[in-house]
Amino acid sequence: MLKFLKNWALPLAMLAGVAGYFLLACLPVFDSVRPCVGEAVSRVMPVLIFAQLLLTFCKVDPRELVPVRWHGWLLLVQLCLGAVVSLVVVALPPGSPLKALGEGALVCFVCPTATAAAVVTAKLGGSASTLSTYTLLSNLLAAVFVPLVFPIVEPHAQLSFPDAFLKILGKVFPLLLSPFVVALLLRWFVKPLHRCLASHSGFAFHIWAVALTLVMGQTTRSMVRSDVSFVLGLSIAIGGLFACAVQFVLGKAIGGACHDRISAGQALGQKNTVLAIWMAVAYLSPAASIGPGSYVVWQNVVNSWQLWRRRTKKR
């Protein structure tokens, strides 16, 4: 049973999130708690993301975090893709349905590398240490890019740009970088606790499943309450597919030139989609969350195919 749950954690978590929303919204027994759920989830999500990153970084040896040439190229690609899509979205007229499509693609491009990418990279024969280094660097890039650009892409009438920038910065920057700082402090000053967390780093997988369930519930709520048409929703999902394909192809091409094709491909292509959906729901239009929501499926199709291909080659 445990093996089945682990192998099918992705679809089960997504299904649980969707089903959970409809049960909560439709059953009268939840009438008393329904108004508090949204606020509770918005408060719990950053805690789950922080815990997931902390467990991952506790397992990383700082001496192995050495930048390599493809790190710089991938950061430049990630920055350029995000900047180009941002300019396109800003140029669109207010109220245009294409705006949600652009925002969905944008959050897929600027989202940092998934914490689970190092595990998949190691199984594919790549370098988990160089991948972990890029995970940290991509978190740093996102922590700067998101507060700077999102208030321009999706301005809020009640907040000026400086206020919106500081508000998003105050939430995103500590969320993405403080887990690494805390992991270092624990390594240096509280070694028993650090060893305990490092030995249980696999628990990050279970935290990820819980976070994915909650964020899929949020995404379903946003889609049900929005006026997104089927055609637009499908277009945003296809935009997520395009973003996934572009990043895997570019990552593998750059990695191939730098003799680390597998690691670079996973670094650019495999995204922290739980964080991406949360950022889309919190700071962009609700429909934009369909983009990273679909990216969950696309990237795991790619990963499943790669793992299957590697297993067949070993036979």
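**Trp278 and the aromatic pairs**

Trp278 is buried, with a relative accessible area of 7%; buried denotes under 20% relative accessible area, exposed over 50%, and partly exposed the range in between, with a 1.4 Å probe and protein chains only. The model is predicted, so that local features require pLDDT of at least 70 and side-chain atom pairs pLDDT 80 or more, whereas totals for chains, interfaces and linings use all residues. Residues are numbered from 1 along each chain as its sequence is written, and side-chain values use heavy atoms, with hydrogens and water left out.

The ring of Trp278 pairs with that of Tyr283: the centres are 5.9 Å apart and the planes stand at 80°, so the pair is edge-to-face. Tyr283 also counts as buried, at 7% relative accessibility. The count of aromatic pairs is five, where rings of Phe, Tyr and Trp (its six-membered ring) pair if their centres lie within 6.5 Å, and planes under 30 degrees apart are stacked, over 60 edge-to-face and the rest tilted. Trp188 and Phe189 form another edge-to-face pair, at 6.5 Å centre to centre and 85° between the planes. Both Trp188 and Phe189 are exposed.

**Nonpolar cores**

A nonpolar core is a set of buried Ala, Val, Leu, Ile, Met, Phe, Trp, Tyr and Cys residues joined through side-chain atoms within 4.5 Å. The largest one holds 77 residues, of which Met45, Phe150 and Trp278 touch the most other members. Helix α7 (residues 128–153) makes the greatest contribution to this core, with ten residues; helices (H or I, at least four residues) and strands (E, at least two) are DSSP runs, numbered from the N terminus.

Leaving aside residues up to four places away in sequence, Phe150 is in contact (heavy atoms within 4.5 Å) with Leu106, Val107, Val110, Phe145, Ile168, Met279, Tyr283 and Leu284. A second, separate core has six residues, among them Ile236, Ala237, Ala287 and Ile290.

**Helix α11**

Helix α11 (residues 230–257) comprises 28 residues and spans 41 Å from its first C-alpha to its last, close to the 40 Å expected at 1.5 Å a residue; the expected span is 1.5 Å times one less than the number of residues. After α11 comes His259, with a positive phi near 65°.

**Cysteines**

The model has zero disulfides, a disulfide being a pair of cysteine sulfur atoms within 2.5 Å. For Cys26, the nearest cysteine sulfur is that of Cys36, 18 Å away. Cys26 is exposed, with a relative accessible area of 57%.

Cys108 is likewise in no disulfide, and the nearest cysteine sulfur, that of Cys111, is 7.8 Å away. Cys108 counts as buried, at 2% relative accessibility.
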